[in-house]
Amino acid sequence: MDEFADRDVDVDQPSRRNFLKGSTAAIGGGIVGVAGLATAAQAQQANNLPPNVPEWMTYPGDDTAHNPYGLPSPYEEHVVRKVLGTPKTYSAASSRTPLQDLDGIITPNGLHYERHHGGIPEIDPAQHRLMIFGLVDRPLVFTMDDLKRFPSVSRIHMMECSGNQSFTATGRNTAQELMGLVSCAEWTGVALKTVLEECGVQSNARWVVAEGADAAAMTRSIPLEKCLDDVILAYSQNGERIRPEQGYPLRIFVPGYEGNMSVKWLRSLQVREEPIYSREETSKYTDLLPDGHSRQFSFMMEAKSIITYPSGGQQLSAQGYHEISGLAWSGYGKIERVEVSVDGGETWQEAQLQDPVLPICLTRFRLPWAWEGEPVTIMSRAIDETGYVQPTLEALLDARGRNSVYHNHAIQPWAIAANGEVSNANA
Ligand SMILES: Nc1nc2c(c(=O)[nH]1)N[C@H]1C(S)=C(S)[C@@H](COP(=O)(O)O)O[C@H]1N2
Ligand SMILES: [Mo]
C-alpha cells in the first residue's frame with residue numbers, strides 16, 4: 001500500500017512577502033441597494049415592496065398545504081442534484097451536489113451526491129442482516145435492532161468519490177459539474193471496532209471485506225487497522241435514517257478514504273488475511289502510472305478546495321465588494337489553512353476559516369474582495385494539518401503522468417470576464 005505516493009508533489013510554499021503583497025483587499029464599492037425598477041415585471045412586483053404591505057401579509061397562510069415531510073420553497077426548485085449527460089440507465093449513474101447553491105458545510109440529505117453501480121435496492125430493514133464471518137472467534141448475524149443496541153457514535157464527515165473532478169472530464173463549467181461528487185453529513189451508527197470486538201478478531205486478521213446488498217454486490221477490502229480506528233457502521237445521516245440512495249438501512253462509512261470504500265446497503269463483513277482483489281480494486285479504482293504500474297491501493301482523498309462563489313456559470317452583478325467563499329477538505333484530517341489568489345496564482349492571501357473546523361470534513365472559507373471590473377482568474381488552495389499543499393494541475397500531472405482517471409485534487413481556477421461572467425479557466 002502506498003498511500004503517500006503523491007504527497008511529494010512539489011508546490012511553491014507561500015511566502016510571507018506574498019501574503020503582504022496580496023492583502024490589499026480593502027472593501028470598496030459598497031453593497032448595491034435596491035436599484036431602479038428596470039423591467040415591467042419588476043414594476044408589477046413593486047406593490048409588494050416597501051413601504052407597501054406585501055400581498056402575502058393580507059390573508060393567513062394556507063395551512064391545508066402542510067407537508068408532513070417539509071420541502072424547500074418552490075422558488076428554490078433549481079437547487080437540485082444533477083446527472084451529467086444522458087446516462088443509459090439511472091442505475092449506473094452518479095448525481096452531483098449543487099455546491100454553488102449551498103451555504104455552510106452540511107449537505108442536506110436530498111442533495112447528497114449519489115453514485116451507484118447497480119441501482120438503489122429497496123430493502124426492508126426487518127429483513128436486512130449484517131453477517132460477520134472469516135477470521136473471527138464468533139461469526140455473528142445482526143439485525144438492525146441488534147446494531148442499534150450497541151453504543152452509538154456521531155461524527156460529521158465529508159465523503160468524496162475518487163472520480164470527482166476526473167482527469168478525463170471535459171465540457172464542465174459549474175462547481176456542481178466539476179466537483180459535485182463530494183458531500184458532507186453527520187453520520188450516526190456504531191463504531192465498527194465495537195462490533196468486531198463482539199465477534200473476536202483473530203490474530204492473523206489484516207483486512208475486512210465489505211459487501212453491499214445491491215445488484216452490483218459492491219465489494220471492497222478495508223485494512224483492519226482502519227476498521228479498528230474510525231470506521232462507522234452508519235444507520236443515520238443528519239439525524240434521520242440514511243436515505244435509500246445513501247445505503248438504507250446500513251452502510252459502512254470509512255472516513256477520508258475514496259467514496260467507493262463506504263459500501264452502501266452493507267450485508268456482510270469478511271475478516272481475512274489478504275485483500276479480496278474484487279472488481280472494484282483491480283479493473284476499477286486503481287491508478288495507472290507512466291511506467292505501466294498501477295497505484296494499489298489509492299484509498300486516501302487528498303487536500304482539496306473549490307471556490308463556490310464566484311464560480312462557473314455565475315455572474316458578478318456589480319463591481320466592488322464580493323465575499324469569495326468556498327469549501328476545503330482533506331482525508332488526512334483538519335484543514336489548517338486556505339489561500340486564495342485573485343491574480344491567476346501570482347500572489348496568495350489567507351482566507352478566514354469558519355468554525356467548526358473538523359477533521360475529514362468540509363470546511364467553509366471566506367475572503368472579502370473588491371472586484372475592479374477587470375478580467376481576473378481566481379483560485380483557492382487547501383493546506384491540511386499534515387502541511388500538504390493542494391497542487392496545481394501541472395504539478396499533479398508531472399508527478400502522476402497522464403494515465404490516471406481518478407484522484408485529481410488539483411487547484412480549480414475560475415476565469416471572471418469583464419462583464420462579470422464566471423467560467424472554468426481550465427476549459
Ligand atoms: N453497495 C454499493 N456501495 C457503494 C456503491 C455502489 O454502487 N454499491 N458506490 C460507491 C461509490 S463509487 C461511492 S463514491 C459512494 C457514494 O455514496 P453516496 O451515493 O451515498 O454519495 O458509495 C460507494 N458505495
Ligand atoms: Mo465513487
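Arg81 is partly exposed, because its relative accessibility is 22% and the buried class ends under 20%. This is a predicted model, and every value here is computed from it. Arg81 forms a salt bridge with Glu114, with the closest N and O atoms 3.1 Å apart. The pair links distant parts of the chain. Arg81 sits in the loop between α2 and β1, while Glu114 belongs to strand β2, residues 114–115. What is the burial state of Glu114? Glu114 counts as buried, because its relative accessibility is 3%.

Side chains of opposite charge can pair when their charged atoms come close. The count of salt bridges in this model comes to 15. Another one joins Arg295 and Asp287, with an N to O distance of 3.5 Å. Both of these residues are buried. Salt bridges that share partners also join Arg81, Glu114 and Glu245 into one network.

Helix α5 covers residues 192–199. A salt bridge here connects Lys193 and Glu197, whose closest N and O atoms are 2.9 Å apart. Where do the partners stand along the helix? Lys193 and Glu197 are four residues apart in α5, so about one helical turn separates them. Lys193 is partly exposed, because its relative accessible area is 36%. Glu197 is partly exposed too, with a relative accessible area of 49%; that value stays below the exposed class, which needs over 50%.

Which residues of α5 are buried? They are Leu192, Val195, Leu196 and Cys199. These residues cover an arc of only 100° around the axis, so they lie on the same side of α5. Just after the helix comes Gly200, which takes a positive phi of about 75°.

Now turn to ligand 1. There are 21 residues around it, and Tyr113, His117, Asp214, Arg251 and Lys264 come nearest. What polar atoms meet the ligand? A polar backbone atom of Tyr113 is 2.6 Å from an oxygen atom of ligand 1. Arg115 also places a backbone N or O atom 3.0 Å from a ligand oxygen. Asp214 uses its side chain instead: one of its polar atoms lies 2.6 Å from a nitrogen atom of ligand 1. Taken alone, the ligand exposes 530 Å², and the protein buries 100% of that.

His128 lies in the loop between β2 and β3, the latter being residues 130–134. Is His128 buried or exposed? His128 is buried, because its relative accessible area is 5%. The side chain of His128 reaches the backbone oxygen of Leu266 at 2.7 Å.

Val53, Trp56, Met57 and Tyr59 make a nonpolar patch of about 500 Å². One of them, Met57, is placed in the loop between α2, residues 40–45, and β1, residues 94–95. Met57 counts as exposed, because its relative accessibility is 59%.

Definitions and conventions: Residues numbered from 1 in each chain as written. Chains lettered and ligands numbered in written order. Predicted model: local features only at pLDDT ≥ 70, side-chain atom pairs only at ≥ 80, totals over all residues. Heavy atoms only, no water. Patch = residues over 30% accessible without salt bridge, like charges linked within 9 Å, V, L, I, M, F, W, Y side chains within 5 Å. Areas by Shrake-Rupley, 256 points an atom, 1.4 Å probe, with all protein chains shown as cover. Salt bridge = Lys/Arg side-chain N within 4 Å of Asp/Glu carboxyl O. Helix = DSSP H or I, 4+ residues; strand = E, 2+ residues; numbered from the N terminus. Buried < 20%, exposed > 50% of the residue type's maximum accessible area, 1.4 Å probe, protein only. Arc of directions from axis to C-beta. Near = heavy atom within 4 Å. Polar contact = N/O pair within 3.5 Å; in protein donor to acceptor, adjacent residues only side chain to side chain.
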